[in-house]
Amino acid sequence: IDRIRLLCGELKRAPEKEIPFLKEQINILYKRCRFLQLAIGFAVMSIFCVSVVVLILFSTYIFNFTFEVFVKVMFVTNLLCLILSLVFFLLDIREALRSIKIEINRSFSSTEVSS
């Protein structure tokens, strides 16, 4: 988020030819923020589901209640949340690499123009 703020500040005083590059970097960073928000949210939900499963299993042992279906549903939900969290982390990594590739291409093209 701080990097987005920094780039937005640079955008105001950037030369015209730099504006498309800065806008693209800002868009990528914002997209990464959303991916990370989703990844962390799903990871938290996964931890919550595991905690509920442990609590229910403990209650089943102590009070002899059977919540078999609920435990199964929470366990499956836990795994789905974990998988989604990992997917969004991978999407974030992909966007980070895309951003670096743009930076590398920009550096190479500015070097060629200067020569």
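**Figure 1. Glu95 and Arg98 pair within helix α3.** The side chains of Glu95 and Arg98 come together in a salt bridge, with N to O at 3.2 Å; the term stands for a side-chain nitrogen of Lys or Arg within 4 Å of a carboxyl oxygen of Asp or Glu. Both residues sit in helix α3, 3 residues apart, about one turn of the helix. Helices here are DSSP runs (H or I, at least four residues), strands are DSSP runs too (E, at least two), and both are numbered from the N terminus. Is Glu95 buried or exposed? With 2% relative accessibility, Glu95 counts as buried, whereas Arg98 is partly exposed at 38% relative accessible area. For these labels, buried means under 20% relative accessible area, exposed means over 50%, and partly exposed lies in between (1.4 Å probe, protein chains only). A network of salt bridges links Lys31, Arg94, Glu95 and Arg98.

Before you go on to the other views, a word on the model. This is a predicted model in which residues are numbered from 1 along each chain as its sequence is written, and local features need pLDDT of at least 70, while side-chain atom pairs count only at pLDDT 80 or more. Totals for chains, interfaces and linings use all residues, and side-chain values use heavy atoms, with hydrogens and water left out.

**Figure 2. Arg106 reaches Glu18 across the sequence.** Here you can see the side chains of Arg106 and Glu18 meeting in a salt bridge at 2.3 Å, N to O. The pair links distant parts of the chain, 88 residues apart: Arg106 belongs to helix α3 (residues 68–114), and Glu18 to the loop between α1 (2–13) and α2 (19–63). Arg106 counts as partly exposed, at 28% relative accessibility. Glu18 is buried, with a relative accessible area of 18%.

Figure 3. The distance between the paired side chains of Glu68 and Lys72 is 3.5 Å, N to O. How far apart are the two residues in helix α3? They are 4 residues apart, so about one helical turn separates them. Glu68 is exposed, with 55% relative accessible area, and Lys72 is exposed as well, at 51% relative accessibility. A search of the whole structure finds 8 salt bridges. Side chains of opposite charge can pair when their charged atoms come close.

Figure 4. Glu24 lies in helix α2 and is partly exposed, at 34% relative accessibility. Leaving aside neighbours within four places in sequence, Glu24 is in contact (heavy atoms within 4.5 Å) with Arg98 and Ile102. Glu24 and Lys12 are 12 residues apart in sequence, and their C-alpha atoms are 15 Å apart in space. Gln25 also belongs to helix α2. Is Gln25 buried or exposed? Gln25 is buried, with a relative accessible area of 5%. Not counting residues up to four places away in sequence, Gln25 touches Leu7, Ser99, Ile102 and Glu103.

**Figure 5. Follow helix α2 from end to end.** The end C-alpha atoms of α2 are 65 Å apart, which agrees with the 66 Å that its 45 residues should span at 1.5 Å a residue. That expected span is 1.5 Å times one less than the number of residues in the helix. Just after α2, Asn64 takes a positive phi of about 60 degrees.

Figure 6. Which helix gives the largest share of the nonpolar patch? That share, 9 residues, comes from α3. Each of α2 and α3 supplies at least two residues, and Ile40 is found in helix α2.
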